[in-house]
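Here is a short briefing on the open spaces in a protein model. Have the structure in view as you read, and look for each part as it is named.

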Amino acid sequence: MSIQSKVFSILAEQAFLEPFDVTLESTLDELGIDSMGVVECIFAIEEEFDITIPFNANEPQRSDFDISNVASMISGIEALVSKN
Amino acid sequence: MKRVVVTGAGTINSLGHSVPATLVAMREGKCGIGDLEFRDVDRLSIKIGGQVRGFEAEGRFNRQQISLYDRFTQFTLTAAKEAIDQSGLEFGGELAAKSGVVLGTAGGGVSTWDDNYRSVYEDGKNRVHPFVVPKLMNNAAASHVSMQHNLKGPSFTVSTACASSNHAMAQAFQMVRTGLAPAMVTGGSESMLCFGGVKAWEGLRVMSKDACRPFSANRNGMVQGEGAGIFVFEEYEHAHGRGADILCEVIGFAMSSDAADIVMPSKHGAARAIFGAMKDAGINPEEVGYINAHGTGTAANDKTECAAVADVFGQHADKLMMSSTKSMHGHLIGGTGAVELLSCIMALRDGVIAPTIGYQEPDPECAIDVVPNEARDAKVEVALSNAFAFGGLNAVLALRSV
């Protein structure tokens, strides 16, 4: 499974949606994922890809990991995976 | 001072998943203690306990809830629902604003600590689930009850080892009695039956390998249990006014501290709590027909408790009945007083005294009618429930039939 499809299914599970409900343009807010849900998603992504995501829930915007939409998250994950 | 009554009761423990099932088991003298089943049990020297069977989180709670509810919270929510449903109370407006939750637990989310320590120490993982802290915290159960039932008044958790739920219920009683709250949800829960939880108790060398036999001369220690007991304490006029079914009245309590030893119980501390509860309730010792003993089945507790009862009651000690239901459900540690309160309610309401099962040989140091092995029909007006914790912290409640 590609990184994209794995991320879609992680976010869908968190949002109680189907993977096809998630698009590259979706924001976490649009998917109905609240701040606690974001932290759970970050955890699930770290577990899935065996990476450590630089993310501080106190200052999501100032973290190096861009969660402004699904596409930005995927490119952040790809960069971290390629570093491994 | 206002009168306080119990209008709802709920439980889950090794004897049953509800109050009716538990009371039937107590009446029949059933034993809920058996072989423990969990990971690495073969590395324990103590392999028995009063484990709750047939209780799977999956199906009862959704995935999100399971990630937030330790087993002690799951037990609490299940028992709280039974109690609040029975009370018929719906918390809204002024009632919701003033009513709260006071619960006891000694260890809180022990299996969450255990699982996650295992994961980082044994499996070498470097991260844990984000909700480990809100899942294991001792107040998690009280908080989830307040959220689920819209209880917006004073809520907190009391942790005094084996007396936790008695201290909690005493506190809830005091809040209703003084008019601070019209109703309180109270009781306690515990879930320590996992590898680390039992391993820690093993270290004390006070555990039995075969059975809990309180007051029996051949007793050889305590046996752990798990579960929850939850009650609705309500101001009498409030309950009466809405035609609630009243299970019994809470008439007094006392707390005392031994100020002596961190594990050895003191006769004086226990006696002061028992005497204090009767004084607080304004009753004479002769009125007490039944005591639910702390009765752990250890050498130290049982003889100290009997000596305290003999001191407080004098000749009446020969007439009253005192049983330990830990022989059936095991020692629920911080939740034990709450489950044991059910046997007091059964005595007051149904006229049935729960037995001390596993009783084999009389002990001259425990020369009290412990209702050995078989339940007994008896009319009881007033009952006491004892809890004496490690750390020398004692709490006794007094109840009356209505």
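The second largest pocket takes at least three lining residues from each of two domains of chain B, domain 1 (4-241) and domain 2 (252-400). Keep in mind that this is a predicted model.

- By residue type, the lining has 14 nonpolar, 11 polar and three charged residues.

**The largest pocket**
- The largest pocket contains about 620 Å³ of space.
- Among its 31 lining residues, Arg71(B), Ser111(B), Asp115(B), Leu193(B) and Cys194(B) are the closest to the centre.
- Four helices of chain B contribute two or more residues each: H2 (63-68), H3 (71-87), H5 (110-122) and H6 (132-136).
- H5(B) supplies the largest share of this lining, six residues.
- Here the lining is made up of 12 charged, 11 nonpolar and eight polar residues.

**Over to chain A**
- An unreviewed UniProt entry annotates residues 1-81 of chain A as "domain: Carrier".
- Over those residues, chain A is 54% helix and 0% strand, with the end C-alpha atoms 14 Å apart.

Conventions
Residues are numbered from 1 along each chain as its sequence is written. Chains are lettered from A and ligands numbered from 1 in the order in which they are written. This is a predicted model: local features need pLDDT of at least 70, side-chain atom pairs count only at pLDDT 80 or more; totals for chains, interfaces and linings use all residues. Side-chain values use heavy atoms; hydrogens and water are left out. UniProt positions are given in the numbering used here, feature names are shortened, and annotations may be inferred rather than shown by experiment. On a 1 Å grid over the protein atoms alone, a cavity is a set of points where a 1.4 Å probe fits but cannot get out, and a pocket is an open set with protein on both sides within 12 Å along at least five of seven lines; lining residues have an atom within 4 Å of a point. Grid points are joined across faces, edges and corners, and a volume is the space filled by probe spheres set on the points. Ala, Val, Leu, Ile, Met, Phe, Trp, Tyr, Cys and Pro count as nonpolar, Asp, Glu, Lys and Arg as charged, and the others, Gly among them, as polar. Domain bounds come from an automatic or database domain assignment.
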